[in-house]
Structure formats: C-alpha cells, structure tokens
Amino acid sequence: METSSSYTACIVAGGQGSRAGGRLPKQFRRLAGQAVLAWSVEAFKADPRCRQIVIAIPKDSEDQAREHLGALAGQCEFVEGGATRSASVANAAAMALEDQILVHDAARPLVSQALISRLLIALQDNPGAAPALPVVDALCRETPQGVEAVDRSPLRRIQTPQAF
C-alpha cells in the first residue's frame, strides 16, 4: 500500500563529531564525492512527498553547512541545534510546516526511498514508527558475581529516520 502523505524532513546535524576524531564534524566530511549531510538531503529532496527540509546544525555553522551542501542548501532551512540530540530535534520540529515529521541523523547518509515509504505507511495506523534491527552482537552485564550474558532476543537497535 503506497501513501501520498506529505511530510517535513528534520535532519539532525548539530553534533561536533568528536567521537569520530578530526577537525571537521562528520556531517560535513566527504563520502563518495560529497558531504555526508548532502546524501540525506538528496534522498529527501528526491521524494515528492517531502515538502520541507529543516536541518539542525551547530551554532554559528550555517555558512559552513551551506558551503558543504552547495546548491542543495537553497532547498533547506537551517536552525541551531541544541545541547542534546533531543533539543536539536525539538528545534527542527518547531519549524515543521507539515503534520508528519521524519527525523533523520545526518551521520546516516544512505536512507532509501523504500524505507521512507514504509515509515509513511506505518504512520497511517500508528502515531510513530522507526526502523528497528535485532541486536546481533553478544552482550554481557557486570554483576557482583562477575560477567553474565544478556538475552539479546527482545532487544532492538533503533535507527533513523524516525517518523511521527
């Protein structure tokens, strides 16, 4: 079942990428010839249901974001990210013109049209939806008696976009 619902894409790119190392935040680093952030913008721009793209960016980095996005920057709105991911999402969502919002992490550049469609279909019957993958790595927890295995069968890794 296909959906024609329109939505706002909120791309969270407000981090500094300090865990990844280097001087340039990972959302502005190059991947296959363009900024990581640009891959996400292109994916949403290619979807005719996406009516607006709002990007939460680090404070005072709009010029840098525009430089790394090139011509794509003119198709986006920018908002200052917050101190946390949740605050960045809230800042971007506050600018949304559509009732449906897809929140996506800029550091995940390979979002597919098929995934976007599945999320919009899920919103027809649910207030929210997100891609979830089973945890496949072995997990352990420390206890006073030592280390014990954790049952990973009920656990899921939540990815983006997350739809609301």
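Modeller: Of the 164 residues of the protein, 43% count as buried, where buried means under 20% relative accessible area, exposed over 50%, and partly exposed in between, with a 1.4 Å probe and protein chains only. The model is a predicted one, in which local features need pLDDT of at least 70 and side-chain atom pairs count only at pLDDT 80 or more, whereas totals for chains, interfaces and linings use all residues. Residues are numbered from 1 along each chain as its sequence is written, and side-chain values use heavy atoms, with hydrogens and water left out.

The protein has 4 helices and 11 strands; these are DSSP runs numbered from the N terminus, helices being H or I with at least four residues and strands E with at least two. Its C-alpha atoms fill a box of roughly 60 × 45 × 30 Å along the principal axes. Among contacts (heavy atoms within 4.5 Å) with a separation of 6 or more, 66% join residues 24 or more positions apart.

As to the salt bridges, the term denotes a side-chain nitrogen of Lys or Arg within 4 Å of a carboxyl oxygen of Asp or Glu. By this rule the count comes to 5.

One of them joins the side chains of Asp47 and Arg49, with 2.9 Å from N to O. Both Asp47 and Arg49 are buried.

Another salt bridge pairs Glu62 with Arg66, whose closest N and O atoms are 3.0 Å apart. Both residues belong to helix H2 (residues 62-69), and because they are 4 residues apart there, about one helical turn separates them. Glu62 has a relative accessible area of 34% and therefore counts as partly exposed. Arg66 is likewise partly exposed, with a relative accessible area of 34%.

A further salt bridge is formed by Arg108 and Asp105, the closest N and O atoms being 3.9 Å apart. Here the surroundings of the partners can be stated separately. Arg108 is partly exposed, since its relative accessibility is 35%. Asp105, by contrast, has a relative accessible area of 16%, so Asp105 is buried.

For the charges of the protein as a whole, the mean positions of the 17 positive and 17 negative ones are 5 Å apart.

Note on methods:
Lys and Arg count as positive and Asp and Glu as negative; His and the chain ends are not counted. The place of a charge is taken as NZ of Lys, CZ of Arg, CG of Asp or CD of Glu.
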